[in-house]
Amino acid sequence: MDIKPYKYKHTYNCLLENKRAVSVFQYDMHSDWPSGKDKRNISEVKKRLSIAMTGIKVKNAYHLRSKTIK
């Protein structure tokens, strides 16, 4: 079994919302897709954060920067 590391690292600013407040959270995600603005990456960020943080809704995820991992 051959395990391949991710090729790209994307950083996102995520708007998180619960009953009391709205906050901003910076999230780093490793991905196989080169474009950080790709819909597949945005939906994956929202999915990962909603699983990790129960009771919090991810309102939006803004792409900040990308980096190629060698």
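Let's count two residues as in contact when heavy atoms of each come within 4.5 Å. On that basis, 58% of the contacts in this protein with a separation of 6 or more are between residues 24 or more positions apart. Keep in mind that you're looking at a predicted model.

Now for the layout. The C-alpha trace spans about 45 × 25 × 15 Å along its principal axes. Of the 70 residues, 23% count as buried. The accessible surface comes to about 5,500 Å², and carbon and sulfur atoms hold 53% of that.

On to the charges. There are 16 positive and 6 negative side chains, with the centres of the two sets 5 Å apart. Searching the whole structure turns up four salt bridges.

One of these joins Lys-59 and Glu-17, at 3.8 Å from N to O. This pair ties together distant parts of the chain: Lys-59 sits in strand β3 (residues 57-68) and Glu-17 in strand β1 (residues 8-17), 42 residues apart. Lys-59 is partly exposed at 45% relative accessible area, and Glu-17 is also partly exposed, at 25%.

Next, have a look at helix α1 (residues 39-52), where Glu-44 and Lys-47 lie three residues apart, about one turn of the helix. They form a salt bridge with their closest N and O atoms 3.5 Å apart. Glu-44 also meets Arg-48 in a salt bridge, at 3.0 Å, and here the spacing is four residues, again about one turn. Together, Glu-44, Lys-47 and Arg-48 make up a network of salt bridges. Glu-44 counts as partly exposed at 24% relative accessibility, as do Lys-47 at 45% and Arg-48 at 28%.

Note on methods
Residues are numbered from 1 along each chain as its sequence is written. This is a predicted model: local features need pLDDT of at least 70, side-chain atom pairs count only at pLDDT 80 or more; totals for chains, interfaces and linings use all residues. Side-chain values use heavy atoms; hydrogens and water are left out. Buried means under 20% relative accessible area, exposed over 50%, partly exposed in between (1.4 Å probe, protein chains only). Accessible areas come from the Shrake-Rupley method with a 1.4 Å probe; for residues, only the protein chains shown count as cover. Lys and Arg count as positive and Asp and Glu as negative; His and the chain ends are not counted. The place of a charge is taken as NZ of Lys, CZ of Arg, CG of Asp or CD of Glu. A salt bridge is a side-chain nitrogen of Lys or Arg within 4 Å of a carboxyl oxygen of Asp or Glu. Helices (H or I, at least four residues) and strands (E, at least two) are DSSP runs, numbered from the N terminus.
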